[in-house]
Amino acid sequence: TLRGSVARRTSHEQVLAATQSWRGTIERELLSPSIERREAAELVDLVARTRVALVVGAGGCGESSVLYQAAREFEARDAEVLAFRLDRRGSFGSPIELGMQLGLSTSPVAALRMAANGRDAFLIIDQLDAVSLASGRLSERYDVIAELIQEATSVDGVRVILACRLFDVENDHRIRKLNARDDVERLTVGPLTDEAVAGA
């Protein structure tokens, strides 16, 4: 219907704007020329086999740049991508409130599905450590993110990618439990190699 196509287009524009905002925060910190991360290609392969991927690295290892490069590849394959950072968010009490903060009309998963309109969809949540008990300032909001992951995995076509510092995976029992789940695959991001840096 016409109303449906207008709603889909609106959702797509909102999702695109939220992801562009996330991209901007990473581009300001990227090295120039940017260094291609092999972990980005590994992540693209990994999410072809799993619904939830957890990208883990020591602080400053470049998890966000791995997500950034993977997101570019998903979009090149005509997938819909909604990406955001939790450390830039205010307090939120539900997935819908989080969606509103991101400029969406509904929860991130619902907006992403509507925008994807049957295509592959990726929900990328950067800086999961912002809701960690160990170091996050929004630790009481972890339950909302858990609800969001549950919502995403209960519908077809949406895959979830989370990035978190190793310290918080090891020191927050909730994130440790998430990491241990059978349906969650983990990708470890290491420090840049001297060869990669020299090459760039």
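Student: Is Asp-172 buried or exposed?
Tutor: This is a predicted model, and in it Asp-172 is buried, with a relative accessible area of 0%.

Student: Which side chain does Asp-172 meet in a salt bridge?
Tutor: The side chain of Asp-172 meets that of Arg-174, at 2.9 Å from N to O. Arg-174 is buried, at 16% relative accessible area, because the cut-off for that word is under 20%.

Student: How many salt bridges does the structure hold?
Tutor: There are 13, and another one of them joins Asp-168 to Arg-165 at 3.0 Å, N to O. In that pair Asp-168 is buried, with a relative accessible area of 0%, whereas Arg-165 counts as partly exposed at 29%.

Student: Which residues are linked in a network of salt bridges?
Tutor: The network links Arg-37, Arg-38, Glu-39 and Glu-42. Within it, the side chains of Arg-38 and Glu-42 meet at 2.8 Å, N to O, and these two residues lie four apart in helix α2, about one turn of the helix. Arg-38 is exposed, with a relative accessible area of 54%, while Glu-42 is partly exposed at 32%.

Student: And Glu-39, is that one buried or exposed?
Tutor: Glu-39 is buried, with a relative accessible area of 3%. Setting aside residues up to four places away in sequence, Glu-39 touches Val-66, Leu-187, Thr-188, Val-189 and Gly-190.

Student: Changing topic, what order do the strands of the sheet have?
Tutor: The open sheet has five strands in the order β2-β3-β4-β1-β5, and their pairing is parallel. The strands at the edges are β2 (80–85) and β5 (184–189), and each has a single partner strand, so one side of each is left without a neighbour in the sheet. From one strand to the next, the twist averages 15°.

Student: Which helix packs on the sheet and touches β1, β2, β3, β4 and β5?
Tutor: That is helix α3 (residues 63–76), whose direction makes about 165° with that of β4.

Student: How many bridges join β3 to β4?
Tutor: Five bridges join β3 (residues 121–126) to β4 (residues 158–165), and the bridge partner of Phe-122 in β4 is Arg-159.

Student: How many aromatic pairs are there in the whole structure?
Tutor: A search finds two. Trp-22 and Tyr-68 form a tilted pair, 6.5 Å centre to centre with 45° between the planes. Trp-22 lies in helix α1 and Tyr-68 in helix α3, so this pair ties together parts that are 46 residues apart in sequence. Phe-74 and Phe-122 have ring centres 3.8 Å apart and planes at 5°, so they are stacked. This second pair also links distant parts of the chain, with Phe-74 in helix α3 and Phe-122 in strand β3, 48 residues apart.

Student: How many residues are in the largest nonpolar core, and which have the most contacts inside it?
Tutor: The largest nonpolar core has 39 residues, and those with the most contacts inside it are Phe-84, Leu-86, Leu-123, Leu-128, Ile-145 and Leu-162. Helix α6 gives the most to this core, with six residues.

Student: What is Ile-145 in contact with?
Tutor: Leaving aside neighbours within four places in sequence, Ile-145 is in contact with Leu-86, Phe-92, Leu-98, Ile-125, Leu-128 and Val-131. Apart from this core lies another of 25 residues, among them Trp-22, Val-66, Phe-74 and Val-189.

Methods
Residues numbered from 1 in each chain as written. Predicted model: local features only at pLDDT ≥ 70, side-chain atom pairs only at ≥ 80, totals over all residues. Heavy atoms only, no water. Pairing = 2+ DSSP bridges. Axes fitted to C-alpha atoms, helices over the stretch in contact; angles between N-to-C directions. Contact = heavy atoms within 4.5 Å. Core = buried A, V, L, I, M, F, W, Y, C linked by side-chain atoms within 4.5 Å. Buried < 20%, exposed > 50% of the residue type's maximum accessible area, 1.4 Å probe, protein only. Phe/Tyr/Trp six-rings, centres within 6.5 Å; stacked < 30°, edge-to-face > 60°. Salt bridge = Lys/Arg side-chain N within 4 Å of Asp/Glu carboxyl O.
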